[in-house]
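Biologist: I have not seen this structure before. Could we go through it together, one question at a time?

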Amino acid sequence: MSGGGRKLNRAWRIFATGFVFVLFGVGALVLSLTMFPILRLSTWHADTARRRIQRGMQLTFRAYMEVMRVLGILTYRVDGAERLREPGRLVVANHPTLLDVVLLVSQMPEVDCIVKQGLWRNPFLRWPVSWAGYLPNSEGEQLIEECAATLKHGHSLLVFPEGTRSVPGKPLRMQRGAAHIALTADSEILPVTITCDPPTLFKGNPWYRVPSRRFHLQVVVGAPIAARDFLQDNEVQARSARRLTQWLLAHFDAGRSQRPEHVETPASMLAPVNVPRAAV
Amino acid sequence: MSVTVKSREEILAHLRQVLVDLFELKPEQVVPEANLYTDLDIDSIDAVDLFLTLKEITGRKIQPQTFKDVRTVGDVIDAIQALAPHPAG
């Protein structure tokens with residue numbers, strides 16, 4: 001692409017990214033006044049409504065991913081998507097970008113999510129999140145019990161053990177809550193590795209700082225592992241949870257380092273947008 | 001275990017054993033200055049386990065707020081000492 005063409009493409013992607021951010025906010029507002037109440041009222045049974053609303057979430061997020069793809073903001077690919085459609089598993093993912101939840105939920109017809117407790121005070125979103133059966137991110141023991149209970153019910157649950165988005169080039173750090181959930185529920189874990197190339201929408205990176213070219217989101221769904229394989233006889237859960245978390249960390253680190261083509265140097269990953277073009 | 005007044009060293013030795021058993025720490029990591037959360041990588045879930053174990057050992061009910069301000073191994077020792085009855089009464 002010529003210098004001028006590249007500049008134009010970049011300006012377009014900044015505009016398109018701003019547009020999809022607004023679309024997300026407006027869409028969330030409109031859907032919480034239309035689609036979600038309609039789906040809730042479509043049946044007497046709260047559990048049927050929960051399933052329909054989760055399916056609605058999937059299709060909405062699928063459409064949103066497609067809008068971003070068609071606008072030229074990103075491309076994406078999911079390897080092992082069929083594993084995401086099987087119920088009753090704890091789906092554990094690393095968290096490189098703002099779009100991880102959208103992308104994963106767009107692949108899962110039914111999944112419980114943990115969302116900010118503050119949403120239960122939002123006049124528009126409080127009803128959709130509670131009808132969908134989503135869990136508020138309360139503290140410690142209570143959250144683990146609630147998450148384990150939903151898994152025992154046969155639901156799938158999506159968690160990001162890093163607790164927040166990671167920063168490119170920095171080592172991953174994980175909390176042990178996900179391991180405790182899986183051990184308490186005696187469930188299977190589906191490890192999902194997400195990579196974003198070039199890195200964008202990571203922690204601390206504002207939306208208008210679009211990457212040097214259209215970015216690619218790659219999802220690799222690993223083989224399921226049983227939490228009980230990490231249990232040893234007469235051992236407190238604190239120890240098994242440490243071992244399981246170490247395993248997950250190593251798994252994600254290995255997956256993250258197998259970057260697809262176009263490997264960028266760490267310096268250009270974090271370079272601000274106004275560096276000379278030749279340097280990028 | 002009976003409730004007896006113990007020296008800080010005895011309590012530390014006991015606590016060290018508990019922390020090593022529960023959380024796979026190295027004994028030399030457990031010093032009074034060590035911060036439970038940052039130095040010893042104990043999280044809020046671990047803390048619940050730790051305080052349940054200490055409750056069994058001391059045979060005393062530990063008030064949740066007693067441990068709210070606990071940050072270091074030394075603070076835990078202080079809290080355990082505070083639980084033990086005074087020699088006079």
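**Where the two chains cross**

Modeller: In this predicted model, the axes of helix 7 of chain A and helix 2 (residues 44-58) of chain B come within 8 Å and cross at roughly 105°.

Biologist: Which orientation does helix 7 of chain A take to helix 2 of chain B?

Modeller: The two axes cross at roughly 105°. Angles of 65 to 115 degrees form one class. Helix 7 of chain A and helix 2 of chain B are therefore roughly perpendicular.

Biologist: Which residues of helix 2 of chain B make the contact with helix 7 of chain A?

Modeller: By class, this contact has three nonpolar, two polar and one charged residues. Helix 7 of chain A contributes G140(A), E141(A) and I144(A). From helix 2 of chain B come S44(B), I45(B) and V48(B).

Biologist: Considering the contact between the chains as a whole, how many residues come from chain A and how many from chain B?

Modeller: Two residues are in contact when their C-beta atoms lie within 7 Å. Counted in this way, the contact takes twelve residues from chain A and nine residues from chain B.

Biologist: Which elements of chain A give two or more residues to the side that touches chain B?

Modeller: The residues on that side of chain A divide into three nonpolar, four polar and five charged. The elements that give two or more residues to it are helix 7, helix 8 and helix 9 (237-257) of chain A.

Biologist: How are helix 7 of chain A and helix 8 of chain A oriented to each other?

Modeller: The axes of helix 7 (residues 140-152) and helix 8 (residues 177-185) of chain A come within 8 Å and cross at roughly 50°. The crossing of helix 7 and helix 8 of chain A is right-handed. Given the angle of roughly 50°, helix 7 and helix 8 of chain A are therefore oblique to each other.

Biologist: Which residues of helix 8 of chain A meet helix 7 of chain A?

Modeller: On the side of helix 7 of chain A, the residues are I144(A), C147(A), A148(A), L151(A) and K152(A). By class, the contact has six nonpolar, three polar and one charged residues. The partners in helix 8 of chain A are G177(A), H180(A), I181(A), T184(A) and A185(A).

Biologist: Is L151(A) buried or exposed?

Modeller: L151(A) lies in helix 7 of chain A. Leaving out residues up to four places away in sequence, L151(A) touches G88(A), L90(A), L157(A), A185(A) and S187(A). A residue with 20 or more other C-beta atoms within 10 Å of its own is buried. Because L151(A) has 24 C-beta neighbours inside 10 Å, it counts as buried.

Biologist: How far apart in space are L151(A) and A185(A)?

Modeller: L151(A) and A185(A) are 34 residues apart in sequence. From C-alpha to C-alpha, their separation in space is 6.5 Å.

Biologist: Why is chain A said to be as compact as a globular protein of its length?

Modeller: Chain A has ten helices and eight strands. For 280 residues the globule rule gives 19 Å, and chain A is as compact as a globular protein of that length because its radius of gyration is close to this, at 20 Å.

Biologist: What percentage of the residues of chain B count as buried?

Modeller: Chain B has three helices and zero strands, and its elements run α-α-α from the N terminus on. In chain A, buried residues make up 34% of the 280 residues. Of the 89 residues of chain B, the share that counts as buried is 16%.

Methods: Residues are numbered from 1 along each chain as its sequence is written. Chains are lettered from A and ligands numbered from 1 in the order in which they are written. This is a predicted model: local features need pLDDT of at least 70, side-chain atom pairs count only at pLDDT 80 or more; totals for chains, interfaces and linings use all residues. Helices (H or I, at least four residues) and strands (E, at least two) are DSSP runs, numbered from the N terminus. The radius of gyration is taken over C-alpha atoms; the globule rule is 2.2 Å times the number of residues to the power 0.38. A residue is buried if 20 or more other C-beta atoms lie within 10 Å of its own, exposed if 12 or fewer, and partly exposed in between; C-beta atoms are placed from the backbone. Axes are lines fitted to C-alpha atoms, for helices over the stretch in contact, and angles run from 0 to 180 degrees between N-to-C directions. Angles under 35 degrees count as roughly parallel, over 145 as roughly antiparallel, 65 to 115 as roughly perpendicular and the rest as oblique. A crossing is left-handed if the near helix is turned anticlockwise from the far one by less than a right angle, and right-handed if clockwise. Ala, Val, Leu, Ile, Met, Phe, Trp, Tyr, Cys and Pro count as nonpolar, Asp, Glu, Lys and Arg as charged, and the others, Gly among them, as polar.
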